[in-house]
Each structure stands twice: as C-alpha cells, then as structure tokens.
Amino acid sequence: MIQKPAYLIICFLFSWQLMAQETVLISGQVSDTQGEAIPGVSIMLVGTQMGTISDGDGNYKLRVPAGTFSLSFSHVQYRKKEQSFDLTSDTEVNIELEESTTQLKDVEVSDNNILDEEIGVVQRVDAKSAKSLPSTFGDFNKILVTLPGVSSNNELSSAYSVRGGNFDENLVYVNDIPVYRPFLANAGRQEGLSFVNPDMVSDIEFYAGGWEAKYGDKLSSSLNIEYKEPDSLEAAVTLGLLGGTAYTGGKTNKLSYLIGARHRDSRYLLNTLETKGQYFPTYTDVQAFLTFDLTSDESVYINKTKLNILASYGRNRYLTNPISQSTDFGSVQQNFRLQTAFEGTEIMRYDTYQAGFRLTHRFNERLRTHFIGSSLFTFEKEQFDVEGFYRLCDVNTNPSASTFDQCVIERGIGTNYDYGRNSLEADLYTAESRWEYLLNANHVIEAGAGITIQNIEDHINEYSYIDSADYVQLTSSIFNDLSLNANQYYAYAQSTILWQDSVHAINFGGRVTLWDYNDQLLVSPRISYRLAPKWENITTFKLSVGMYQQPPFYRELRGFDGTLRNNVQAQRSIHFILGTTRLFYMWGRPFLFTSDIYRKQLYDIIPYDIDNVRLRYYPDQSGKGYAQGVDFRVNGEFVKGTQSWFSVGFLQTKEDVTGDNQGLIRRPTDQRINIAAYFEDHMPRDPTLRIYLNLVFGSGYPFGPPNRPELRNAFSGDEYYRADLGVSKKFNMSINNFFTHIWVRAEVLNALAADNTLSYTWIEDVYGAQFAIPNSLSARFLNIKISAEL
C-alpha cells in the first residue's frame with residue numbers, strides 16, 4: 001500500500017524545463033552483470049528533478065537538455081552509478097549495474113520480489129510458483145491457499161476464504177478490471193477453473209485485509225493480478241491426463257499480445273469419488289490480453305498513452321449419471337454403512353463472456369489518469385432429476401464373526417428425490433475513472449469514481465423430498481422468476497505521504513458507495529501507517545485501520561424460499577491489523593519473516609450456511625460478530641535458487657444472530673488452525689530435475705443438522721489435510737525448430753491418500769435418531785503432464 005505510491009512518485013518526476021531549450025532523447029536498457037534486465041531503476045538528471053524509471057524489461061527513455069550532463073542510475077539492490085554525457089543528438093546507451101555489497105552484506109539475492117514484499121504491506125507471490133505448484137487442476141487460486149489467513153477444504157473448487165470470511169467477500173482484479181465467478185455452481189466438481197490463467201500472469205498482489213480506499217467494497221480480501229506484456233515471442237503447450245493448456249505472446253511494433261487457452265477434463269479424477277457413475281465434465285476457456293502503445297514517437301514519456309484490452313470466454317459442461325455410493329462411518333466399536341443406488345441425470349451448462357479495457361494517459365509530469373470499463377455476460381443452466389434409494393445399517397466389526405463387515409441391523413431405508421430446471425442470466429457493466437496527481441516528490445493524491453450496472457434474471461423450478469420411515473416429507477420447493485436491476489455508484493479519494501528519510505509513511509482516504517436497490521449510502525474511511533527504522537536487518541512495522549462495507553448482491557438477497565428481499569443492509573467490518581516484516585539470513589541467503597495480528601469487528605452481517613460450495617443466506621436475519629487471529633509466514637531460498645515458504649494461521653470467528661437466543665456461535669468458516677507450505681527442491685548436480693510439494697492442513701469447519709437452529713454450527717467437522725507432490729525433468733531439444741525445451745512432469749495428487757470430508761448428509765433412522773453421513777473428496781491420483789516451451 002505504501003510502496004506502490006513511492007514507485008508512482010518516481011514515475012512522475014519529469015522537468016518543466018524541457019519546453020524552453022533544445023533537447024535530445026537518451027534511451028537504452030539497464031541490466032545487471034549477468035545481462036538480466038533490471039526493472040524499476042531510477043534514472044535522474046543530476047542537479048534537477050528530471051528523471052524516469054526503467055520499465056519491466058529494463059528499458060528507459062528520457063529527454064534532456066542537449067550538451068554536457070550527468071545521469072544517475074539507482075536501485076535498492078544495486079550500486080548507484082553516475083555517468084557523464086556530451087550529446088547533441090538522440091543516442092542509445094545501455095547501462096550495467098553491480099549488485100550492492102553494503103546493503104545486502106555480500107548476500108546473493110536471486111529473487112527481486114523478496115525485498116519488494118518486505119517493505120510493502122501486501123503478500124506478493126512469484127508468478128513462476130503459481131505455475132509450478134502441484135494441484136488438482138493447476139488452478140491459480142490454489143497458490144493463495146498456501147498463504148497465511150487463506151483456507152479451503154475442497155481441492156475440486158477454486159473458492160477460498162480469508163480470515164473467517166466466505167467466498168463472496170473477495171475482490172479479484174486483472175489489470176484493474178474486476179472479474180467474477182459462476183452463480184449457480186453448487187458443488188466443486190461442477191466448477192470450471194478460476195478466471196486467472198497462470199501462464200499469463202506477471203505480478204501477484206494479495207491483500208488479506210487493510211487495503212486502500214481505491215480497491216472496492218468487500219469484507220475480506222483483494223487479489224490484484226497483472227498480466228504480462230511480452231516484448232518478444234514466447235509460447236508453451238502442456239498436455240496431461242486432466243486437461244491441457246496453451247499460450248503464446250509477442251510484440252509487433254506498438255502492439256503486444258498474449259493469448260491463452262485452457263481445457264479441463266476431470267472424469268478420471270471424479271471416478272475416485274465415493275459416488276460411482278458416469279462423469280462427463282469439461283471446461284474450456286480462451287483469453288486474450290492486448291496492449292497498445294498509443295504514444296507518439298516525439299513524446300518525452302514512456303507509455304504516455306496505453307490501452308489494455310482483456311477478453312475471455314469460458315465454456316463449462318457437466319453431465320453425470322450417478323449409479324451407486326457406499327459410505328462407512330462411525331468408530332471401531334460401532335460402525336455404520338449407508339448404501340445408495342441412484343437413477344437419473346445431472347446436467348449443467350455455463351457460458352461466460354467477460355471483457356474489459358484500461359486506458360492510461362499521462363497528461364504531464366504530475367497528472368496521470370486511467371479509464372476502466374468492463375462487462376460480464378453469463379448464461380447458466382442446470383437440470384437435475386435424480387432419485388437415490390438408500391439403506392442405513394449397522395456393520396459387524398467383529399473379525400471372528402461370519403458376518404464380519406456385513407450389515408447386521410437395518411436402521412432405515414428410504415428415498416431421496418431432487419428435481420430442478422433452473423436458469424440464470426446476468427449482465428454486469430462497470431465504468432470507472434481514476435486520477436493520480438503528484439503534489440511533490442513525497443506526496444501523491446489519488447481519486448476516482450465509477451458505476452456498476454447489475455441486471456440478473458433467475459428462473460427457479462426445483463423441489464426435493466425424502467421418503468423415509470413410512471412417510472414422505474417435502475424438504476424444499478421453489479418455483480419463482482426473479483429479476484434484479486440495480487446500479488451501484490462509488491467514489492474514493494486517498495493521499496500518500498512519504499517522509500524524506502523514508503522511515504515513516506502514511507496512506508489515508510475514504511470511499512463512498514450508494515446502491516440504488518436499497519438507497520443505502522456507505523462511507524468507509526481507511527488509514528495505514530508504516531514505520532521502517534534504519535536497522536541493520538531491514539524491518540518494517542505497519543498498522544492498518546479501516547471500515548469495509550459490502551452492499552448485498554444477488555446471492556445475499558435471495559432467501560431459502562426463492563424470493564428477493566429489498567430491505568437488506570450492507571454488511572460492515574472494521575479491520576484492525578498490526579503487522580511486522582523482517583529480513584534475516586540463514587545459510588548465507590535472505591529470508592523474509594512476516595506476522596500479522598488482526599481483529600475484524602463485524603456488524604449487520606447476514607447469516608449463511610455452506611453446502612459444498614453453495615452459500616445459502618438468511619437475508620431476513622442479521623447479527624454482529626468478530627474474527628480475530630494471528631498469521632505467520634517464512635519464505636526464502638531454503639534450497640539455493642528456489643523459492644519456498646511455510647505459513648501458519650490461528651483464527652476464531654463467531655457471530656450473534658439477532659433474535660435467535662443462541663448468543664455467540666461459530667461462523668461456518670471458523671477454521672481454528674491452518675498450516676500450509678510450498679516447498680521446491682532440485683538435484684544438486686542436475687537443476688533440471690525438480691521436486692515440488694504443496695502441503696495443506698486445516699482444522700474442521702463447524703456444521704449442524706438442517707432445520708435445527710438451536711444446533712446450528714454446534715459440531716466440529718473432520719480436519720482437512722492434503723499433500724500434492726510433483727516431480728519434473730527438463731530436456732533441451734527442438735521440435736520442428738520451434739519448441740526448444742520439453743518438460744515431463746508426474747504429480748501424485750493427495751499423496752497421503754487422505755479421506756477428507758467435504759460436507760455431511762443427514763439421515764434419520766426408524767428410531768428418530770439423526771446420522772451425519774460424511775461426503776468424501778477425491779482419492780490419490782497420478783497425473784502425468786508433458787510441456788513444450790519456446
């Protein structure tokens with residue numbers, strides 16, 4: 001939050017003197033002693049405030065007065081260099097910088113992001129790690145689950161929760177363009193992939209709370225992704241048992257392009273589930289990211305006018321014919337078995353179109369603007385007509401008995417029937433303008449305003465019943481056509497001040513939001529302070545306090561009965577975050593330790609239950625609550641030349657629903673302990689042979705029986721633990737003189753063969769006792785991938 005405006009301040013430092021005298025253009029590339037480009041180098045005309053910075057490829061351009069002058073080149077990780085020139089015409093000069101030996105004490109730093117993260121207030125993740133992380137489908141969001149404060153108990157879903165929040169409380173931006181996830185999906189196996197394509201990512205910023213006023217109206221987190229702008233041809237193709245990916249990028253004159261495609265086919269993995277049947281799930285998406293440099297050749301500014309365009313199409317098809325399921329549960333002393341035979345079919349069809357643009361223009365050395373527009377069109381249909389005939393019995397656990405491991409006492413038989421013909425269409429449009437103005441070298445002001453237009457049509461036709469213990473009970477019945485047409489207006493302003501000594505920095509501002517569906521005006525002030533004392537080991541302390549308010553969206557407005565409430569107020573949260581970041585050294589290499597202690601005070605919250613990945617809200621109820629905890633993370637080169645990290649989080653979140661007489665109870669995402677690790681290693685004599693480990697452990701989420709409000713979230717579910725292991729080998733070879741590298745990769749998914757529980761189905765026996773039947777996730781699976789790179 002504080003570092004990025006500092007970067008912005010340097011970007012704006014250009015002189016007013018250029019208009020009054022003859023000038024020349026000096027340009028070139030800044031690189032290190034190994035020839036690697038260095039982005040973010042400050043290039044200043046000595047004795048003035050004229051300057052620029054090198055772009056992501058180390059390139060720079062600066063127009064200066066003709067004649068004799070000196071330029072200084074400085075970067076936090078490199079020795080400052082000053083060089084004199086005597087020029088009368090435009091000239092190209094390449095500069096080489098040496099690594100700093102005084103500031104980093106001769107310690108080699110191979111990952112430039114580690115120091116950037118250390119002095120920032122956000123979690124930064126290496127984009128390469130997001131690609132190499134072993135996970136079920138190579139979904140980008142799984143890298144977030146390895147960060148402190150982030151949890152997920154479903155490897156089949158891209159949903160995640162942050163510090164006690166739910167999946168709907170997370171902001172996601174790609175190059176400042178907001179993106180969304182499907183509305184109707186009610187199970188992880190029905191989902192596609194998350195929007196972000198790992199092949200296209202260049203930079204990842206993740207706020208687990210305490211973000212600036214310019215980033216949206218949600219309660220829990222903000223994920224900011226930057227896609228690449230290639231300056232040369234690049235391409236890769238990957239094929240595996242669960243799908244494949246392909247992308248290409250390059251640059252022609254003033255256009256850079258990036259095109260990626262992904263295909264997921266999870267039928268082999270879904271065959272490891274307890275529910276046996278015929279699965280035909282596929283997901284395909286195509287994305288294009290184009291960057292146009294509209295700057296004239298005579299301009300003194302690099303990328304004075306730039307246009308980014310993002311376009312995406314996602315196609316999700318899911319069809320299954322469930323056949324049978326057998327689930328054993330209980331204990332060694334008393335074991336039960338639920339056997340179910342199915343008839344019917346589930347069909348889901350989702351088509352999602354998303355597009356957006358960001359137009360950036362620099363008017364002068366002090367003022368820069370962005371205009372951002374986006375649109376979403378989604379068409380989602382689900383059809384299900386499934387009948388399940390079940391039998392619940394006691395299982396003989398005596399190994400010496402002739403009926404060992406067989407049903408000996410029948411506790412109940414019955415039928416579950418689910419029918420649905422639902423469809424949803426949604427159109428969302430966003431237009432936003434942002435301004436950034438440099439008052440002086442240490443003070444920048446930012447402001448913006450925008451509108452979001454929401455149009456949703458939902459057609460619901462579903463019911464379900466249970467035939468058990470000689471009676472039929474209708475468990476749900478919804479027949480309704482719903483329509484939501486609303487506009488959300490918002491504006492923000494914020495200021496960032498850096499002290500001359502860079503020890504102190506402060507960001508403060510506010511956000512105003514009006515949603516015309518309920519005419520509620522929201523004002524959200526936010527402030528963050530950073531202290532960076534000049535200690536031998538770089539250390540920063542940060543304090544963030546702010547109001548975060550989330551206007552209800554369609555899901556929060558729709559009740560269990562299928563009607564929309566129009567009097568639902570925005571959920572509110574006050575964030576208090578105190579954190580520290582410290583750089584230290586082990587084995588002659590730098591490591592980063594971060595810790596946060598936080599508390600979120602919650603008001604006007606809407607209670608909800610989680611069924612698989614579907615959130616079911618109670619919009620006619622409200623309450624208050626809190627979330628509090630501590631997070632720790634250590635990352636660095638545990639093995640030289642690789643990046644690994646370990647995260648630990650402790651959380652408690654509770655709510656008090658008005659009028660239920662239950663007092664404070666656990667919230668559905670109250671996962672008390674969360675441990676995650678991403679570890680990378682390679683053979684000492686063969687760095688092309690690499691091993692990757694993705695390890696996640698989380699304590700159980702609370703749950704309770706349906707239609708029993710006095711027992712809501714009264715029980716603790718089973719813990720979730722999972723280890724995914726990947727081994728890859730790189731071969732240097734040429735295919736048709738095009739691809740130059742081949743990677744062969746084997747992944748053991750769920751290597752520990754953990755029998756993780758996603759949710760519980762409740763069955764009542766003939767004696768009136770209720771049983772929670774666990775629904776398990778995927779078993780161990782071996783996935784093979786082959787990749788070819790340019």
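So, F377 has D427 as its bridge partner in strand 23. When I say two strands pair, I mean DSSP finds at least two bridges between them. And the strand numbers are counted from the N terminus, a strand being a DSSP run of E with at least two residues and a helix a run of H or I with at least four.

Before I go on, this is a predicted model, so local features need a pLDDT of at least 70 and side-chain atom pairs count only at pLDDT 80 or more, while totals for chains, interfaces and linings use all residues. Residues are numbered from 1 along each chain as its sequence is written, and side-chain values use heavy atoms, with hydrogens and water left out.

Okay, staying with strand 23. On to strand 24, residues 443-468: these two strands pair in the antiparallel sense over 24 bridges. A hairpin of two residues takes you from strand 23 to strand 24. Look at N440 there, whose bridge partner in strand 24 is H443. As a reminder, strands of a sheet pair through backbone hydrogen bonds, either parallel or antiparallel.

What is the strand order in the open sheet of four strands? The order is 3-2-5-6, and the pairing is antiparallel. Strand 3 (51-53) and strand 6 (78-87) are at the edges with a single partner strand each, so one side of each has no neighbour in the sheet. From one strand to the next, the twist averages 20 degrees, going by lines fitted to C-alpha atoms, with angles running from 0 to 180 degrees between N-to-C directions. Inside that sheet, strand 2 (residues 42-45) and strand 5 (residues 67-75) run antiparallel, joined by four bridges.

Next, salt bridges. Side chains of opposite charge can pair when their charged atoms come close. The cut-off here is a side-chain nitrogen of Lys or Arg within 4 Å of a carboxyl oxygen of Asp or Glu. How many does a search of the whole structure find? It finds 40 salt bridges.

Let me show you a few. E155 forms one with R722, with the closest N and O atoms 3.4 Å apart. This pair links distant parts of the chain, 567 residues apart: E155 sits in the loop between strand 10 (150-151) and strand 11 (161-162), and R722 sits in strand 40. Buried or exposed? E155 is buried, at 5% relative accessible area, and R722 is buried too, at 5%. For the cut-offs, buried is under 20% relative accessible area, exposed is over 50%, and partly exposed is in between, with a 1.4 Å probe and protein chains only.

Then there's R337 with D328, where the closest N and O atoms are 2.8 Å apart. R337 counts as buried at 10%, whereas D328 is partly exposed at 38%.

Another one is D604 with R572, 3.0 Å from N to O. D604 is in strand 30 (residues 589-605) and R572 is in strand 29 (residues 571-586), 32 residues apart. Here D604 is partly exposed at 30%, and R572 is partly exposed at 25%. There's also a network of salt bridges linking D176, E226, R358, E432 and R434.

Over to L269, in helix 4, residues 267-270. L269 is buried, at 1% relative accessibility. Which residues does L269 touch, not counting residues up to four places away in sequence? They are T136, F137, L156, L242, S778 and F781, where contact means heavy atoms within 4.5 Å.

Last stop, the surface. L241, Y268, F731, M733, V744, L782, I784 and I786 make up a nonpolar patch, with about 700 Å² of accessible area together. Patch residues have over 30% relative accessible area and no salt bridge; like charges are joined within 9 Å, and nonpolar side chains (Val, Leu, Ile, Met, Phe, Trp, Tyr) within 5 Å. The areas come from the Shrake-Rupley method with a 1.4 Å probe, and for residues only the protein chains shown count as cover.

Strand 40 (720-735) and strand 44 (781-789) supply at least two residues each. Strand 44 gives the most, with three. L782 is located in strand 44, and L782 is partly exposed at 49%.
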